[in-house]
Amino acid sequence: LSGKKGLLVAGARGRLITLPIPGPETHRVERRLAFEFHPDRSFDVERLSTYRGQFAANARGERGESSTDRRKGVERRVLELWPDATVEDYSAESETPDTAFVEKITARLKPIPAAGPAARVEIFPGAGDEIRRVPLAKRKTPVAYDHPMGIRYEVVLRGVVETAVLPAAQNLAGDGWSVRTTFERTGPVVSATWEATLARTRFTPAEFPEMRRFWSALTASAGVALNLEQ
């Protein structure tokens with residue numbers, strides 16, 4: 001109901017009000033990805049997604065209309081990220097005790113080549129596409145988002161080869177937005193985080209350069225990969 005009109009009932013002082021719009025900490029998508037690499041260089045992926053605020057309401061609405069279509073949409077997204085994946089399991093909980101919508105999907109992928117351009121794995125697959133973009137070249141009207149938002153990826157990769165070099169951490173920020181990444185390694189286990197925060201909801205044409213900076217930061221930070229050549 002954030003941002004909607006409501007009737008404040010207060011006797012003779014009752015009136016219509018606009019309900020406040022919470023910040024990005026309320027409207028969030030949190031994804032936890034676990035990669036498990038096997039000796040034959042095949043690997044399993046488990047993606048646990050937690051939606052909060054309006055993201056949860058949207059997901060809950062889609063599942064209410066058709067749980068089958070919702071599941072197929074999530075499976076289709078996994079196959080867009082990993083075309084050779086075999087989806088093994090899917091589950092969803094429409095409303096947890098803290099009002100979140102939670103989905104989990106697991107998949108198995110074919111072995112990664114030992115050398116060449118394909119001997120790599122993206123650390124934050126799909127993160128750069130989480131926030132909607134629109135063409136700006138000839139646009140004369142503002143770009144508006146429905147609400148502030150935060151997107152966070154927490155990734156663990158197990159069984160990473162010793163030769164893999166971690167990307168450098170990034171900390172990018174502008175007017176009303178920020179994008180941050182972290183990476184650390186303990187033996188064959190690599191942990192990484194990616195977080196994008198958009199606190200503002202409107203960009204006028206004069207502010208499109210700032211929007212382009214934000215979108216560019218999303219792409220650059222989310223596109224990093226681990227080279228797994230042996």
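The predicted model holds an open sheet of eight strands with mixed pairing, in the order β5-β6-β4-β3-β9-β12-β11-β10, where strands are DSSP runs (E, at least two residues) and helices are DSSP runs (H or I, at least four residues), numbered from the N terminus. Local features need pLDDT of at least 70, side-chain atom pairs count only at pLDDT 80 or more, and totals for chains, interfaces and linings use all residues. Residues are numbered from 1 along each chain as its sequence is written, and side-chain values use heavy atoms, with hydrogens and water left out.

Reader: Which are the edge strands of the sheet?
Author: Two strands pair if DSSP finds at least two bridges between them. Strands that pair on one side only are the edge strands, and these are β5 and β10 (171-174).

Reader: In β12, what is the bridge partner of Met 149?
Author: Strand β9 (residues 149-158) and strand β12 (residues 189-198) run antiparallel and are joined by 10 bridges. Within β12, Met 149 has as its bridge partner Leu 198.

Reader: Does Arg 41 count as buried or exposed?
Author: Arg 41 is found in the loop between β3 (28-37) and β4 (43-51), and its phi, near 75°, is a positive value in a residue other than glycine. Buried means under 20% relative accessible area, exposed over 50%, and partly exposed in between (1.4 Å probe, protein chains only). Because its relative accessibility is 12%, Arg 41 counts as buried.

Reader: What is the relative accessible area of Thr 99?
Author: Thr 99 lies in the loop between β5 (86-93) and β6 (101-109), and its phi is near 70°, a positive value in a residue other than glycine. Thr 99 is partly exposed, because its relative accessible area is 48%.
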